[in-house]
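Please look over the sequence and the model shown here before reading on.

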Amino acid sequence: MKNLKYLIVGTGGVGGSIAAFLTLAGKDVSCIARGEALKAIQKQGMAFHSDLKGEYPHLPVKAYSQDEYNEKADVIFVTVKGYSIDSIGDILRKASHDNTIVIPVLNVYGTGQRIKNLVPEINVLDGCIYIVGFKSGVGEISQLGEVFHIVFGVPEWANCDKELLDKIVSDLREAGIKTTLSTDINRDTFIKWSYISAMSVTGAYYDIPMGPIQHPGKERDTFIGLTKESTAIGEKLGIDFGCDMVKHHLDVVDSLDPESTASMQKDLKAGNQSEIKGQLFDIIALGKKLGVATPVYDTIVKKFL
């Protein structure tokens, strides 16, 4: 199969890290950025600090505005925040050819279907990502810890050639990104939603990094309580998790840098727009809709009303 052309829509901590890893591996990758970050990357490259890859003060990542990008990509990773999805329809249409596939790796369950509804003419898959990555300056991205794992798969509304899927997996793994081709992406995106919600909500509620959650105490108990409630919601939806969700979530959070924090928590503290609706309020609303009690979530949400 030919070398694939990748496009990353959204150059924050997640998108910037994917773009950096693919660039370091010599893959054909471009990213869509905006504002001062775009100017900085175009002028001097991306400043990339990575626990997995090292220090790159001027990494030559190709960056464009939506208006400047005039190529056709084979694979488009969507890494914007959930509240920005409605703004990306034009660039997805502009950058796609007949066989382009779009892979969203967001933090909220159901975004694959939402993007498919936005651009029904494009082949949209679904996915999620485990990483601690964030903007640490203008045109500067930091990736912390040993966890960088992309999970993606073909949902019921999509189709994709197996050879293309295998090529994407191969490219990502060559770049040093742990990659799983899911056989049940609906399950796996719900697991990520459940995890990131418990992580973000606990951190924001107590205003703490991950360290206190990694040791016995009220913070860890809250994280476990949130996990159990979202798991009950998933089970009511008919999802067979095939694992102990509490153990899964604890294993992931325990592997993180103790000083790391979730992006939602960072945004809330900075007074920026955040994904609190998708990671807190939407889970409570779904629980009410399904008749699943969420007493831990209900207690925490009072702080953010």
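This is a predicted model: local features need pLDDT of at least 70, side-chain atom pairs count only at pLDDT 80 or more; totals for chains, interfaces and linings use all residues.

At least two lining residues come from each of strand E9 (126-137), strand E10 (140-153), strand E11 (178-181), helix H6 (185-206) and helix H8 (245-254), and E10 gives the most, with five residues.

Side chains of opposite charge can pair when their charged atoms come close. The structure holds 18 salt bridges, and one of them joins Asp74 to Lys2, with the closest N and O atoms 3.2 Å apart. This pair links distant parts of the chain, since Asp74 belongs to strand E6 (residues 73-78) while Lys2 lies in the segment before strand E1 (5-9), 72 residues apart. Asp74 counts as buried because its relative accessible area is 7%, under the 20% limit, whereas Lys2, at 55% relative accessibility, is exposed.

Asp267 and Lys81 form another salt bridge, their closest N and O atoms being 2.9 Å apart. Here helix H9 (residues 263-270), which holds Asp267, is linked to the loop between E6 and helix H3 (89-95), which holds Lys81, and the two residues are 186 residues apart. Asp267 is buried, with a relative accessible area of 13%, and Lys81 is partly exposed, at 25%.

Glu36 and Lys39, by contrast, are three residues apart in helix H2 (residues 35-44), and therefore separated by about one helical turn; their salt bridge has its closest N and O atoms 3.4 Å apart, and both residues are exposed.

Technical notes. Residues are numbered from 1 along each chain as its sequence is written. Side-chain values use heavy atoms; hydrogens and water are left out. Helices (H or I, at least four residues) and strands (E, at least two) are DSSP runs, numbered from the N terminus. A salt bridge is a side-chain nitrogen of Lys or Arg within 4 Å of a carboxyl oxygen of Asp or Glu. Buried means under 20% relative accessible area, exposed over 50%, partly exposed in between (1.4 Å probe, protein chains only).
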